[in-house]
Amino acid sequence: CYNTCFVLSDEYGHFLVDGGGGNTVLSQLKKAGVDLMDVHEIFVTHKHVDHIMGIVWVIRIICQNMKKGTYQGEANIYAHDEVIGLLKDMAFKLLNKKETQYIGDRLHLIEVKDGEKKTILNKKVTFFDIHSTKAKQFGFMMELDQERKLTCCGDEPYNEENEKYALKSDYLLHEAFCLYDQADIFHPYEKHHSTVKDACQLAEKLKVKNVVLYHSEDQNIENRKELYTKEGKAYFLSLIHI
């Protein structure tokens with residue numbers, strides 16, 4: 001609820017984005033029906049603990065299974081320079097040599113720069129700096145086919161410098177920390193976050209077809225989908241996904 005961890009899946013495989021919560025990411029993948037042994041592409045947006053700590057566990061389990069022969073092929077983990085440095089440091093300090101021997105051999109920690117393109121799940125992906133006010137953070141745009149695209153803005157409000165990526169996205173993933181009428185309770189602006197109203201007004205302005213709201217508070221879990229959808233539809237006329 002409090003981070004942007006998700007998996008994009010299609011006939012070409014799985015693309016894991018972020019991994020917060022320590023080893024909880026392993027059970028969450030299992031609940032989602034995603035076998036980590038089938039995950040070969042991973043992206044880490046930034047260094048905050050609710051996004052990066054589970055990736056150490058992902059590295060550990062993948063390397064252990066490489067050793068056992070139960071993980072086939074190679075694994076790629078993409079991130080900007082600061083995150084790659086942290087992952088290398090944590091992995092080599094926390095894991096044993098039997099596990100780290102695969103880092104740089106079959107498990108690749110790949111630094112990406114602002115505007116750099118990669119091919120992931122047989123699709124063109126462009127990574128971009130979201131111009132965070134806190135930790136350095138990257139988002140990405142994935143070209144789903146010749147006409148459709150998906151844009152992930154990270155876990156901070158959209159920056160106009162990234163308009164070329166977000167404009168007319170078929171799917172825009174954007175944080176919505178809380179309902180607008182609960183801003184006095186959760187203080188999203190003090191944390192440099194948005195409300196549902198803000199995110200949906202933005203999606204309407206950018207002519208987005210679908211908006212996915214995430215990175216939200218967890219006190220309204222039971223009724224969150226209903227509450228967020230109701231507020232969002234007042235400002236965004238297309239589809240809303242919570």
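This is a predicted model: local features need pLDDT of at least 70, side-chain atom pairs count only at pLDDT 80 or more; totals for chains, interfaces and linings use all residues.
Residues are numbered from 1 along each chain as its sequence is written, and side-chain values use heavy atoms, with hydrogens and water left out.

I looked up the sheet next, taking strands (E, at least two residues) and helices (H or I, at least four) as DSSP runs numbered from the N terminus, and counting two strands as paired if DSSP finds at least two bridges between them. The sheet is open, with 5 strands in the order S1-S2-S3-S4-S5 and mixed pairing. Strand S1 (6–10) and strand S5 (107–111) stand at the edges with a single partner strand each, so one side of each is left without a neighbour in the sheet.

Finally I turned to the cores, each a set of buried (under 20% relative accessible area, 1.4 Å probe, protein chains only) Ala, Val, Leu, Ile, Met, Phe, Trp, Tyr and Cys residues joined through side-chain atoms within 4.5 Å. The largest nonpolar core has 32 residues, and Ile59, Ile62, Ile77, Leu87 and Leu107 have the most contacts inside it. Helix H2 gives the most to this core, with 9 residues. I noted that a second, separate core of 20 residues includes Cys153, Ala166, Ala203 and Val211.

Note on methods:
Buried means under 20% relative accessible area, exposed over 50%, partly exposed in between (1.4 Å probe, protein chains only).
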